Amino acid sequence: MTLAHPRTAALFESPVPPGTGWPGDPATSQTAVASTPVQVVALAEAVQSVPELDAVVSVCRACPRLVEWREQVAITKRRSFAAEPYWGRPIPGWGAERPRVLVVGLAPAAHGGNRTGRVFTGDRSGDVLFAALHRAGLANSPISVDAADGLQLNATRVVAAVRCVPPDNAPTPVERANCAPWLDAEWRLAGADVRVIVALGGFGWRAALRMVRTAGGQVSRPSPQFGHGAAATLRADEREVVLLGCYHPSQQNTFTGKLTPAMLDDVFGRAATIAGLSE
């Protein structure tokens, strides 16, 4: 069955086959597919550009449980989105190819990024996150609806440490390890100008530290501890990179007041200032 994209009205299957015209789809029908963790490592080490990385990430099939779950969600859907096609594939990083600010989260949402094909888009967490990025001058709009909505980021890139939606929002340690080479490649290709990493939640914090260490960067021992507003100075190549902690903009955190707009503004305002992007 094909269904109409909510903005473009083009018809797509769910999940969306690569190269069929979905807005922002970086892959084609000829893009190499990683079907095992070994192939993930090989492809991640071989890619030479951010667009190439985005393409191979978007068709990865290395974790059978995650592949089955993301595609099941794309077929069964949420009732409120039953008339829409779902992306149903891994979510590549999104934003500037040479960012100064890198935002690292955990994984896509089942009816957010897994539906829209863009990280932190189409769900409540994305509503909160992109509104904060806009207030900090890091996005041209506070609204993130779908991959064709015209949203752009200012010298900022958003990535998920795990690229497929996991059951119960909980990837296994093996799945996290399988996906880590994609983040390493992201840092190799897009990290040269990064001055600030904003880690959303404790897992994003640990993933960022591992990413920098794997690339040969310097992280203090014992490892810096996560907390909202926590800051750590890392060494990458010959430059300093500041790692900032931020509570994840989940509904649980925002609805209970654990994370408020003012708290988000503090973190992203600091990030913009450190990166030299504030007015």
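Trainee: How many bridges join strand β7 to β8, and do the two run parallel or antiparallel?

Mentor: Keep in mind that we're looking at a predicted model. Strand β7 (residues 231-236) and β8 are joined by 6 bridges, and they run antiparallel. Alanine 231, for instance, stands opposite leucine 244 in β8.

Trainee: What makes β7 and β8 count as a pair?

Mentor: Two strands pair if there are at least two bridges between them. β7 and β8 have 6, so they pass that test.

Trainee: How many residues lie between the strands in the hairpin of β7 and β8?

Mentor: There are 2, and aspartate 237 in that hairpin takes a positive phi near 55 degrees.

Trainee: Which strand pairs with β8 in the parallel sense?

Mentor: That's strand β6 (residues 196-200), over 5 bridges. Within this pairing, valine 196 has valine 242 of β8 as its bridge partner. Strand β4 (residues 101-105) in turn runs parallel to β6, joined by 4 bridges, and there leucine 102 stands opposite isoleucine 197.

Trainee: What is the order of the strands in the open sheet?

Mentor: The 6 strands go β3-β5-β4-β6-β8-β7, and the pairing is mixed.

Trainee: What makes β3 and β7 the edge strands?

Mentor: Each of them pairs on one side only.

Trainee: Why is strand β8 described as largely enclosed?

Mentor: Look at its residues: 7 of the 8 in β8 (residues 239-246) are buried, so the rest of the structure largely encloses that strand.

Trainee: Which side chains along β7 are buried?

Mentor: Ala232, Leu234 and Ala236, which point to one face.

Trainee: On to the helices. Why are α2 and α6 called roughly antiparallel?

Mentor: Check the angle: their axes cross at roughly 165 degrees and come within 10 Å. Anything over 145 counts as roughly antiparallel, so α2 and α6 get that name. Their crossing is left-handed. The contact is made by Val50, Leu53, Asp54, Val56 and Val57 of α2, with Trp182, Ala185, Glu186, Leu189 and Ala190 on the α6 side.

Trainee: And how do you know whether α1 and α6 are roughly parallel or roughly antiparallel?

Mentor: The axes of helix α1 (residues 37-46) and α6 cross at roughly 5 degrees and come within 8 Å. Under 35 degrees is roughly parallel, so that's the label for α1 and α6. Among the α1 residues in this contact are Pro37, Val40 and Leu43, and they belong to a group that meets α6 residues including Asn178, Pro181 and Trp182.

Trainee: Which strands does α6 touch where it packs on the sheet?

Mentor: β4, β5, β6, β7 and β8. The direction of α6 makes about 165 degrees with that of β5.

Trainee: Now for charges. What makes arginine 157 and aspartate 54 a salt bridge?

Mentor: Their closest N and O atoms are 2.9 Å apart. The cut-off is within 4 Å, so this pair qualifies. The two residues come from distant parts of the chain: arginine 157 is in strand β5 (residues 156-160) and aspartate 54 in helix α2 (residues 50-57), 103 residues apart.

Trainee: Why do arginine 157 and aspartate 54 count as buried?

Mentor: Buried means under 20% relative accessible area. Arginine 157 has 1% and aspartate 54 has 11%, so both values fall under the cut-off.

Trainee: Which residues are linked in a network of salt bridges?

Mentor: Asp54, Arg157, Arg163 and Glu186. Arginine 163 and glutamate 186 form one of the bridges, with closest N and O atoms 2.9 Å apart. Arginine 163 sits in the loop between β5 and α6 (173-190) and glutamate 186 in helix α6, so the pair ties together parts that are 23 residues apart in sequence. Both arginine 163 and glutamate 186 are buried.

Trainee: How many salt bridges does a search of the whole structure find?

Mentor: It finds 14. One of them joins aspartate 149 and arginine 118, at 2.9 Å from N to O.

Methods:
Residues numbered from 1 in each chain as written. Predicted model: local features only at pLDDT ≥ 70, side-chain atom pairs only at ≥ 80, totals over all residues. Heavy atoms only, no water. Salt bridge = Lys/Arg side-chain N within 4 Å of Asp/Glu carboxyl O. Buried < 20%, exposed > 50% of the residue type's maximum accessible area, 1.4 Å probe, protein only. Axes fitted to C-alpha atoms, helices over the stretch in contact; angles between N-to-C directions. Parallel < 35°, antiparallel > 145°, perpendicular 65-115°, else oblique. Left-handed = near helix turned anticlockwise from the far one by under 90°. Contact = heavy atoms within 4.5 Å.
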